[in-house]
Amino acid sequence: MSLVFDGLSKRFGRIKALDGLSLEIPAGHIYGFLGANGAGKTTTMRIALGVLRADSGIITWGGTDHRRLARATWGYLPEERGLYPKMTVQDQLVFFARLHGMPAEQAARTANEWLTRLRVPDFATRRTGELSKGNQQKVQFLAAVMHDPEILLLDEPFTGLDPVNVVLLRQAILELRARGKTIVLSTHQMETVEAMCESIAIIDAGRTVISGPILEVKRSTGRRSVILAAEAGHPLGWVDDLPGVRILRPGMDRVELDLAPGTEPEAVLAAAMARGLPVRHFEVVDPTLEQVFIELVGHVPDDEGRLAPATGDATEIPAA
């Protein structure tokens, strides 16, 4: 069982929002959907929901065309606010749940349960417009999950949340994952993606650049990083002069280094030992998603002001 996007294309006048985008999302996964602004993430979600119609291509869930699925199959948290400011929170949540076929009494009970879980039970009788942006985001998340959908499309779900509420929302998403929900998470917060997602797709200019399990995607560039730390009083700036080595995060006696493909980590350690450096810590680490993203997508815009594709064809890394 999987959610499949097969060859999606969509134009808005002269702008090609999607250009044959394809990817497969395993059921029950939290799947990271990454791309710069304008890459096509929101357009893809809106096509899945039936808000937009693709020019070509198809989306299926378990082999069934998405246009034949019940409305309640989907839960959607848009990046933009979509709430009614003059309605109370509970009335609003009940309204959205009933649109998905949930009986009123069950919707009211479920709304109270979710509000309590997110530590805001007193919000039930407050007007949504009176809440902070962060708390409105929590209400919008609840509107997306109230009807217990099989698939959740979350577009920048952590926008406006303070660190405490980020943790609460992360826990709620992980609980939904444990219940077998399929969750597509679009966010610019790379650390969140690394912490929560099992697989990811990076898209650019409406095309899939790379997709697959997150560890394999991180190792796909062939780059590695090294953390080198010495005893106090031994500066490490000299390592930037080593062939194939670049300092990512400088420090007085601790640095993180980016190694070009083909550069062996042992060469860095050997150079440090040859200088008589008292090495306190040496560790080889995979590149961060941010580093991979910049390497694959960080290009100069083309003549139309869009990012040029990183590769001619997408790289798909099969799940283990």
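Is A172 buried or exposed? With a relative accessibility of 2%, A172 counts as buried, where buried means under 20% relative accessible area, exposed means over 50% and partly exposed is in between, using a 1.4 Å probe and protein chains only.

## About the model

This is a predicted model, in which local features need pLDDT of at least 70 and side-chain atom pairs count only at pLDDT 80 or more, while totals for chains, interfaces and linings use all residues. Residues are numbered from 1 along each chain as its sequence is written, and side-chain values use heavy atoms, with hydrogens and water left out.

## The chain as a whole

The protein chain has nine helices and 15 strands. Here helices (H or I, at least four residues) and strands (E, at least two) are DSSP runs, numbered from the N terminus. The C-alpha trace spans about 75 × 45 × 35 Å along its principal axes.

Of the 320 residues in the protein chain, 48% are buried. Taking the contacts (heavy atoms within 4.5 Å) with a separation of 6 or more, residues 24 or more positions apart account for 68% of them.

## The four-stranded sheet

Let's start with an open sheet of four strands, which runs in the order β2-β1-β4-β5 with antiparallel pairing. Its edges are β2 (15–26) and β5, each with a single partner strand, so one side of each has no neighbour in the sheet. Two strands pair if DSSP finds at least two bridges between them; β1 (residues 2–12) and β2 are joined by nine bridges in the antiparallel sense. One of the residues involved is F12, whose bridge partner in β2 is I15. Helix α1 (residues 41–49) packs on the sheet, where α1 touches β1, β2 and β4 (56–61). The direction of α1 makes about 110° with that of β1; such axes are lines fitted to C-alpha atoms, for helices over the stretch in contact, and the angles run from 0 to 180 degrees between N-to-C directions.

Within β1 you will find S9, which counts as buried at 19% relative accessibility. Leaving out residues up to four places away in sequence, S9 touches L18, D19, G20, A54, D55 and S56.

M1 lies in the segment before β1 and counts as exposed, at 63% relative accessibility. Not counting residues up to four places away in sequence, M1 touches P26, A27, W61, G62 and E150. M1 and T128 are 127 residues apart in sequence and 38 Å apart in space, C-alpha to C-alpha.

T73 sits in the loop between β5 (64–65) and β6 (74–77), and T73 is buried, with a relative accessible area of 7%. The side chain of T73 reaches the backbone oxygen of A70 at 2.9 Å. Beyond residues up to four places away in sequence, T73 touches W61, P149, E150 and I151.

How far should the 13 residues of helix α4 span? At 1.5 Å a residue, α4 (residues 133–145) should span 18 Å, and its end C-alpha atoms are 19 Å apart, which agrees. The expected span is 1.5 Å times one less than the number of residues.

Helix α4 is largely enclosed by the rest of the structure, because 12 of its 13 residues are buried. Among them are G134, Q137, F141 and V145. The cover over these buried residues includes β6, α2 (89–99), α3 (104–117), β7 (151–155) and α5 (163–178). Helix α5 is also where A172 is found, and A172 is in contact with W114, L118 and F141, leaving aside neighbours within four places in sequence. A172 and D6 are 166 residues apart in sequence and 30 Å apart in space, C-alpha to C-alpha.

## Helix α8, with one buried face

In helix α8 (residues 265–274), the buried residues are P265, V268, A271 and A272. Seen down the axis of α8, these residues fall within an arc of 125°, so they line one face of the helix; the arc is that of the directions from the helix axis to the C-beta atoms. An α-helix has 3.6 residues a turn, so residues three or four places apart point the same way.

On the other side of α8, E266, M273 and A274 are exposed. The buried residues of α8 are covered by elements including β11 (224–230), β12 (245–249), β13 (254–259) and β14 (279–285). After α8 comes G276, with a positive phi near 75°.

Notes
A polar contact is a pair of N or O atoms within 3.5 Å; within protein, one must be able to donate a hydrogen and the other to accept it, and residues adjacent in sequence count only if both atoms are side-chain atoms.
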